[in-house]
Amino acid sequence: MKDAEHRAQVAVIKWARSMVHIRHELGLLFAIPNGGVRNAVTAMRLKHEGVLAGIPDLFLPVAKYTCLSKHLIYNGLFVEMKVKPNTVSLHQKDVHEKLWNQGYMVAVCWAAQEAIETIAEYLGIEIK
């Protein structure tokens, strides 16, 4: 993961951990370590363990329901962290579409603040 993406993702996790007292579900937000430079042996081990290319960086395993009818809207929220000039690859777009088709919300966020706002909106947290 490039340094700017790393810093952005760390800021999102730091915010989430600091807000657990507001919404305990934020304690479930976790990183999926797919990115980064690895040697061939480590990369192969992770592949054998089930790491999948294209899976977003963060996952919040919290279902979202409508307020009134309590119908399920999403099974959870995936967040792909990006910073410009990086782009979302075709493979990532394909994986994101497959996740959407399985009932997950997928958001590509280009900065820590955008990811924080996305997560807050998903959970119904008002940011001041």
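Which ring does the charged end of Lys 84 sit over?

View 1. The ring in question belongs to Trp 110, and the charged end of Lys 84 sits 5.8 Å from its centre. Keep in mind, here and in the views below, that this is a predicted model.

**View 2. Arg 7 and Asp 3 pair up within helix H1.** Side chains of opposite charge can pair when their charged atoms come close. Here the partners are Arg 7 and Asp 3, joined by a salt bridge whose closest N and O atoms are 2.2 Å apart. Both residues belong to helix H1, which covers residues 3–18. They are four residues apart, about one turn of that helix. Asp 3 has a relative accessibility of 47%, so it counts as partly exposed. Searching the whole structure turns up four salt bridges, and this is one of them.

**View 3. Arg 23 reaches Glu 25.** Another salt bridge joins these two side chains, at 3.0 Å from N to O.

**View 4. Glu 80 and Lys 82, a buried salt bridge.** The closest N and O atoms of this pair are 3.9 Å apart, which means the contact falls within the 4 Å limit for a salt bridge. Both Glu 80 and Lys 82 are buried.

**View 5. Tyr 74 meets Trp 100 edge-to-face.** The structure holds six aromatic pairs. In the one shown here, the ring centres of Tyr 74 and Trp 100 are 5.7 Å apart, and with the planes at 75° the pair is edge-to-face. Tyr 74 comes from strand E4 (residues 72–74) and Trp 100 from helix H3, so the contact ties together parts that are 26 residues apart in sequence. Trp 100 counts as partly exposed, at 39% relative accessibility.

**View 6. Four rings in one cluster.** Phe 30, Phe 59, Phe 78 and Tyr 104 make up one aromatic cluster.

**View 7. Glu 97 on helix H3.** Glu 97 sits in helix H3, which runs over residues 90–101. With a relative accessible area of 49%, Glu 97 is partly exposed. How far is Glu 97 from Arg 23 in space, C-alpha to C-alpha? The answer is 28 Å, and along the sequence Glu 97 and Arg 23 are 74 residues apart.

Key:
Residues are numbered from 1 along each chain as its sequence is written. This is a predicted model: local features need pLDDT of at least 70, side-chain atom pairs count only at pLDDT 80 or more; totals for chains, interfaces and linings use all residues. Side-chain values use heavy atoms; hydrogens and water are left out. Helices (H or I, at least four residues) and strands (E, at least two) are DSSP runs, numbered from the N terminus. Buried means under 20% relative accessible area, exposed over 50%, partly exposed in between (1.4 Å probe, protein chains only). Rings of Phe, Tyr and Trp (its six-membered ring) pair if their centres lie within 6.5 Å; planes under 30 degrees apart count as stacked, over 60 as edge-to-face and the rest as tilted. A charge sits over a ring if NZ of Lys or CZ of Arg is within 6 Å of the ring centre and within 35 degrees of the ring normal.
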